[in-house]
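Please keep the view open while you go through my points, as each one picks out a place to look at.

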Amino acid sequence: MELVYYLIFGGLSAVVALLELSKNSEDRVATSTAFNSFKNNYLVVYSLMMAGDWLQGPYVYFLYSQYGFDKGDIGRLFIAGFGSSMLFGTIVGSLADKQGRKRACVTYCITYILSCITKHSPQYKVLMLGRILGGIATSLLFSAFESWLVAEHNKRGFEPQWLSLTFSKAIFFGNGLVAIISGLFANVLADNLSFGPVSPFDAAACFLAIGMAIIFSSWSENYGDSSDSKSLLAQFKGAAVAIASDEKIALLGAIQSLFEGSMYTFVFLWTPALSPNEENIPHGFIFATFMLSSMLGSSIASRLLAHSTPKVESYMQIIFGISALTLLLPVLTNFLLPSAGVKGGSISFAGCIQLFGFCTFEACVGIFWPSIMKMRSQYIPEEARSTIMNFFRIPLNIFVCVVLYNVNALPITVMFGMCSIFLFIASVLQRRLMVAAESHKTSKFVML
């Protein structure tokens, strides 16, 4: 393996270790024993859930290609997943407010395990079914667990500030450490032990089953609006009214859709971007490096969120701006360092530059997750939290489906350019959110 991979991985590891070891008392939050027990239980479950998701990440595209499907076929499979998340996932995820968040988390486990099982079949229809199930599971992963956590945190009377601590730790471990281990473990299973690209999906199913057992045994149920008289349609209408009547919620939804849409497009594009001429790249190791970058971002976010300044609405403008620049790199390198067109070999110089930029983008992702969770906990009403969060995913899924549908028609540089523009727009909207939040606080102060 080329030295560049080890240099980037080693450098990132050193920076993360330095940041964690250099934390002082001002960077740490004093908490209670009861909260620590609650937090640790959630972190274990969340880490297992994310392990079930991350183990699949490095080999989804590769597995489909090994079954003989081209980029267009694979694009349609991805579209099925995002479309399912938009249509079915929104309904199933919104039921969490009415039927219970714990039940929705268990549903996530069952649905994703079934999705993993379908990966054993090379039949396109079976794989399509797996993507549909995976889309439903994704909606639940990014709404039900957070909704359960916020409601349970408030129900137990813990300090509101402590919620940020759980968010940052969840991303540090679930989207960082666990993701790194998952990437390396997937690489060992599929390549080193020669079990093949389907083996990480089997491992994922096992971790999901363990997490489901812990949820069954240690979590209590909580709800949003569990009124029997309130139909699912009424929930949707209530969520739509909340979004339309509160500029802050609408802006938050637009920002989340723009960033996550770019992020999920990046997930599809990073493999062909780094190996445009079928260069031999270590997918699992690169994936682990991306997750280490995300871990670095979450470590930075934990420090930022532990202090009252700078406010999350302020520093996220800069993060979105940096993200826009990093995804513009493939466009610039394609223009300044055109490919020689020679098939095979090791990663190119342009690929190395892009890899560094992608790692920076993943660090921004690590900052984004706990920060957006913090803002959602502030602005989204509790009674319709899961419903509104799944509403946010509708434009996200439409955007990704449109991009993937045109994956063969649009050059990869055009798609990266689009993502860069959307991230710049997110930065502008974040600025507007900060102004709206400050204006709301000022008006409340005047009324008092």
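**Notes on the salt bridges, helices and surface**

1. By the distance rule used here, the count comes to six salt bridges. The rule asks for a side-chain nitrogen of Lys or Arg within 4 Å of a carboxyl oxygen of Asp or Glu. As background, side chains of opposite charge can pair when their charged atoms come close. Please bear in mind that this is a predicted model, in which local features need pLDDT of at least 70 and side-chain atom pairs count only at pLDDT 80 or more, while totals for chains, interfaces and linings use all residues. Residues are numbered from 1 along each chain as its sequence is written, and side-chain values use heavy atoms, with hydrogens and water left out.

2. Start with E146 and R376, a salt bridge whose closest N and O atoms are 2.4 Å apart. E146 lies in helix 7 (residues 144-155) and R376 in helix 15, so this pair ties together parts that are 230 residues apart in sequence. Helices here are DSSP runs (H or I, at least four residues), numbered from the N terminus. Are these two partners buried or exposed? E146 has 5% relative accessibility and counts as buried, and R376 is buried too, at 2%. The cut-offs are under 20% relative accessible area for buried, over 50% for exposed, and partly exposed in between (1.4 Å probe, protein chains only).

3. Next, look at E247 and R432, which form a salt bridge with the closest N and O atoms 2.7 Å apart. E247 belongs to helix 11 (residues 247-274) and R432 to helix 17 (residues 412-447), so the pair ties together parts that are 185 residues apart in sequence. Here E247 is partly exposed at 37% relative accessibility, and R432 is partly exposed as well, with a relative accessible area of 38%.

4. There is also a network of salt bridges that links E152, K155 and R156. Within it, E152 pairs with R156, and their closest N and O atoms are 3.2 Å apart. E152 is buried at 2% relative accessibility, whereas R156 is partly exposed at 41%.

5. Now for the helix packing. Two packed helices are described by the angle between their axes and the distance between the axes. The axes of helix 8 and helix 15 (residues 349-379) come within 9 Å and cross at roughly 150°. Axes are lines fitted to C-alpha atoms, for helices over the stretch in contact, and angles run from 0 to 180 degrees between N-to-C directions. Helix 8 and helix 15 are therefore roughly antiparallel to each other, and their crossing is right-handed. Angles over 145 degrees count as roughly antiparallel and those under 35 as roughly parallel. A crossing is right-handed if the near helix is turned clockwise from the far one by less than a right angle, and left-handed if anticlockwise.

6. Which way do helix 2 and helix 5 run relative to each other? They are roughly parallel. Helix 2 (residues 33-54) and helix 5 (residues 101-118) pack at an angle of about 25°, with their axes 11 Å apart, and this crossing is left-handed.

7. Helix 15 also holds V365, which is buried at 3% relative accessibility. V365 and G176 are 189 residues apart in sequence and 11 Å apart in space, C-alpha to C-alpha. In helix 11 you will find M263, which is buried with a relative accessible area of 8%.

8. Finally, the surface. L177, I181, F185, V188, L193 and F195 make a nonpolar patch of about 520 Å². Such a patch takes residues with over 30% relative accessible area and no salt bridge, and joins nonpolar side chains (Val, Leu, Ile, Met, Phe, Trp, Tyr) within 5 Å; areas come from the Shrake-Rupley method with a 1.4 Å probe. F195 sits in the loop between helix 8 (162-192) and helix 9 (199-218), and is exposed at 53%. S194 lies in the loop between helix 8 and helix 9 and is exposed at 58%. Its phi is near 60°, a positive value in a residue other than glycine.

Notes
Patch = residues over 30% accessible without salt bridge, like charges linked within 9 Å, V, L, I, M, F, W, Y side chains within 5 Å. Helix = DSSP H or I, 4+ residues; strand = E, 2+ residues; numbered from the N terminus. Parallel < 35°, antiparallel > 145°, perpendicular 65-115°, else oblique.
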